[in-house]
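Dear colleague,

Please find the structure below, handed over for your records.

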Amino acid sequence: MKQKDISEKDFKSALPQTSGSFRLKGIEAPIEIYRDRFGIPHLSAKTVHDAFFGQGFVTAQDRLWHMDYDRRHAYGRLSEWFGSDELIKDITMRRFGIGATVKRDYQAVNAETRAMLDAYTAGVNSFIKHSNSLPIEYRLLDEQPEPWRGWDCFAVYKVRHIFMGVFEGKLWRAKLVNTLGPEKAAELLRGYQPGHLVIVPPGHGYDGPALDGLQELSKNIGAIQWLREHPEAGSNSWAVHGSRTATGRPFLAGDSHRLLDTPNVYYQNHIRCPEFDVIGLSFPGCPGFPHFGHNPSVAWCVTHAQADYQDLYVERFSAEDPAKYEFKGEWKEAEIRRETIRVRNSAPREIDVVVTQHGPIISGGPAEGYGLAFKYTATAAPYVGFECLLPMMRAGSVEEMDAAMEKWVDPCNNFLFSDTNGTIAYLHRGQVPIRPMANAWLPVPGWTGDFEWRGNIPFAEALRIQNPKTGFIVTANNRISDKDYPYYIALNYVPEYRARRIFERLDKIKKATMQDMKSVHGDRVSIPAQKMLWLFSRINPPDPFADEALESLCQWNGAMEPDAVAPTIYSAFRIKLLKRFLEHHVGSLCKEMFTATGRGAPRHLVELASVMAAMVEKDDPSLLPPGTTWVSMATDALSETLSFLKERFGDDMNGWSWGAVHHTQPKHPLSELFPQHRNLLNPASVGMGGDGDTPLAAGYASASPFAVTLLSVARYVYDLSDWDNSGWAVPLGVSGHPASSHYSDQLPVWSRLDLVPMLYDWELIAAQAESHQVLAPES
C-alpha cells in the first residue's frame, strides 16, 4: 500500500477533545463526563436515552476506528480497506451471513431495547459529525467513517463470538474419521477426564465415563465422505461468599481470556442516570455491559461455557437443478444471493451466497453437489439477547438478575453474580438446542429430517446454584455438570487444571482479602507439569549440557515463573513429547494438528495433551508405540528439545528464562501496511509467566512457541463490601488512539498483576478526574 507522509505530530493531532463542552442535537439535558487518571470515562446523565447517547459518544471518542473495523469484519468488507489480503476472510464472513440477519434482529427486539440501540447510535454519529479530529487510521487509509446504524451493534457483537462456537471441532472430527476410521478416532476422542472438577456442584469431580463415540462416529460416514475432497479461545471467574472473606461480604473476581487485540476487545466505562448506575466492560459498538459489570446492588461476570450451539448439516443438491436441495424426499429451493466484494486497488469480486433451511452454505455448494450448512443460535432466528441488557443494569438482587437472563442467546456463559445482600450465584445462561447426539459429533445429513433442532434447554432447567456449602464457586471453562444432568451441553471442555488450582487456593483461605484475590489471578503453577516431573529423574543425560537441563527440571516445582529456565525446557519438551505420542496415532494429520489455527485441531490437541499428562503420571503405556516406554520416548524428546532451544535461543541456558522467550506481541491491524509507523501503532511487548494451563493465562500456539497469543484481556475484582475498593486492569489501555497517553498505560499495572481503581463514588470521581467534559443540548 502506498506510504502516507504522516508524522508523529499528525498522530497527536488526531486525538479527540475530552474536555470543555459540545452543544449537540438529540439529547434532553446536559451530560457530564469525567475521565479518571487512566482516561476511563464516567458519564452522568439525566435520562436513560442520554445515558446511552453518552455511552455511544465516549466509545466513539476512544474507539471509533476499532468499532468500524469490527463492523467491516462482520459484513465482509475489510478488503475495501486492506485490499486482496483480506479477501478470503471477507468471502468467509459473507457466507456466514451476519449482515443478512442483523436488520431482522433490530426489528425483533422490544421497544426499550431498540430505543437503547438508537440512543447509542445517535451518540456515535454525533461524535462523527461534531469532532474536529478523527482517528489517525482513517487518514492512513484515506478513508472516512460511515454513519453508525442500530443494527451494526448486533454485527460487531456477533463477529466477536461466532468463532467461539464448536463447528470447527465437528469439521476436525470429520477429518479424523475420514482419515483414521471411526474406531481409531473414537480411541483418541476421550472428552472430559473422570475425576476432573465440575462447576456444579462445586468441589465435585466428574463421575461419568470417558467419551465413547464409536457408535455416533460410525453412523453418518457416508454423509461426510465428500469432505475428504473438500476440506476447509477461555477465562477464569470465582465468587467467594462473605462467610469466607475478611469483610463479611462477597468478592467476585476473575479474568477474561482472549486473543490480544490492539486496541483491546473490551472498553472500560461507567454510565449513570436516575434508573441505573453501572460500571463495567463493554464491547466497542455495543451498548450496555453484557459480560462484566456492577450496579449499586449486583455484580456479574462470565467465562465461556464451551457449550454446543452450532451444528453442521451436509446438504445434497439436485444434479438437474442445482438451486434445489433435498429434504425428506422433496426438493426445496435454496436462497441464492449474488454479492459484490469491493477490493482496494483491485477489481471487485462477485460471489454467490447460498442459504438452505439449515443456514448458509459455508463450504461446497450446488456446483459440487453437496454443501455444508451452518446453523447457529445467534443467526438461525431473530437475536433478542440484547433484551437482557437493560434488566441487567436495573437488577436489584441475585433473583432479579437470574430472571433477567431468560432471553439470553449467545454465547453460552458460566454466569457468576453476587449481590450486596451477600448471595453468590451461578447460572449457565444461553440457548443450547435439543437435538440428536449425532449432531454433537460430526456434520449430519441435512436431507433426512432426522437431525433437526427440537427447541432449547428450558430456562427453568438451566444449571444454577446459590450459596453452595463450599462457600465459593469456581468456573474456568471446565465441565459444568456431572453425569446426572439430563441435557447435553457439550462434548469438550477445557481440562480442570486452572479450575483445580483456583479451587485449591480458595479452599485454604478463610478470611479472604483483596490481596488474596489478586494473588489467585497470578497463580503460575502448572498441574500437567507436575504430573511429568518424575520422568525427568529417570532420564540418563547423554552429556553435561543435558545433565544441566535435567538438574534444573528435577529441582523445579512446576511453577511457570518468568525468571526460571525450567519452564522453557518443559514447554518445549511437552511439545516434542506430544508430537511423538501423536505421530503414532494420527500419522499424516500430526503436522496439521500442530500448525492449524481456530478451534478445531488446536482444541483437540489440548485435550490429547491432557490425556498424555494423565498417562504419564500413571506410567500407563497402553497408547504408546510397541516397544517404547514413557522414559524412552521422553529421552528422545529431551534430546530434540535441547537441540531446538539451542538453535532458537543460543547455547547459554541462562538466557532461556521463561519471561525472556515467552512474551506478548500486541500488533495493530495497520502495522504491516504502514511499517514506518509500526513503533507508534504497536504497544510494547512484555515477558510473562504462566501458560495455557495456569490461572495466570498466557497460552501460545504450538506452531510458534512461545509468543503469547491467549491471555487475560481484562482482570477484575468486585468488592461488594465497598465498591470503591474494587479494581480492574486491561493489558493495554482504554484509548484506541496510538498517540494517546492511555493507549497502553495500564500495561505496567497489568504486567505486575496489580489493578487500577474501579472508581464508583461520584464525589470521588469528580475530585480525582483528569478531565471534565459537558455535552449540552443545542439551544
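Arg72 is buried, with a relative accessible area of 4%; buried means under 20% relative accessible area, exposed over 50% and partly exposed in between, with a 1.4 Å probe and protein chains only. This is a predicted model, in which local features need pLDDT of at least 70 and side-chain atom pairs count only at pLDDT 80 or more, while totals for chains, interfaces and linings use all residues. Residues are numbered from 1 along each chain as its sequence is written, and side-chain values use heavy atoms, with hydrogens and water left out.

Arg72 belongs to helix α2 (residues 48–75); helices (H or I, at least four residues) and strands (E, at least two) are DSSP runs, numbered from the N terminus. Leaving aside neighbours within four places in sequence, Arg72 is in contact with Arg77, Leu78, Glu80, Trp81 and Glu146, where contact means heavy atoms within 4.5 Å. From Arg72 to Ile128 the separation is 56 residues in sequence and 17 Å in space, C-alpha to C-alpha.

**Helix α19**

Helix α19 (residues 527–536) is largely enclosed by the rest of the structure, because eight of its 10 residues are buried. The buried residues of α19 are Ile527, Pro528, Ala529, Lys531, Met532, Leu533, Leu535 and Phe536. Their cover includes α17 (497–507), α20 (544–554), α21 (566–586), α23 and α24 (630–649).

**The largest cavity**

The largest cavity has a volume of about 120 Å³. On a 1 Å grid over the protein atoms alone, a cavity is a set of points where a 1.4 Å probe fits but cannot get out, and lining residues have an atom within 4 Å of a point. Grid points are joined across faces, edges and corners, and a volume is the space filled by probe spheres set on the points.

The lining of the largest cavity comprises 15 residues, of which Val166, Gly169, Arg173, Asn492 and Arg603 lie nearest its centre. Both α9 (167–180) and α23 (601–618) supply at least two residues of this lining, and the largest share, three residues, comes from α9.

**The chain as a whole**

The protein chain contains 28 helices and 26 strands. Buried residues account for 63% of its 779 residues. Along its principal axes, the C-alpha trace spans about 85 × 70 × 60 Å.

With kind regards

Methods
On a 1 Å grid over the protein atoms alone, a cavity is a set of points where a 1.4 Å probe fits but cannot get out, and a pocket is an open set with protein on both sides within 12 Å along at least five of seven lines; lining residues have an atom within 4 Å of a point.
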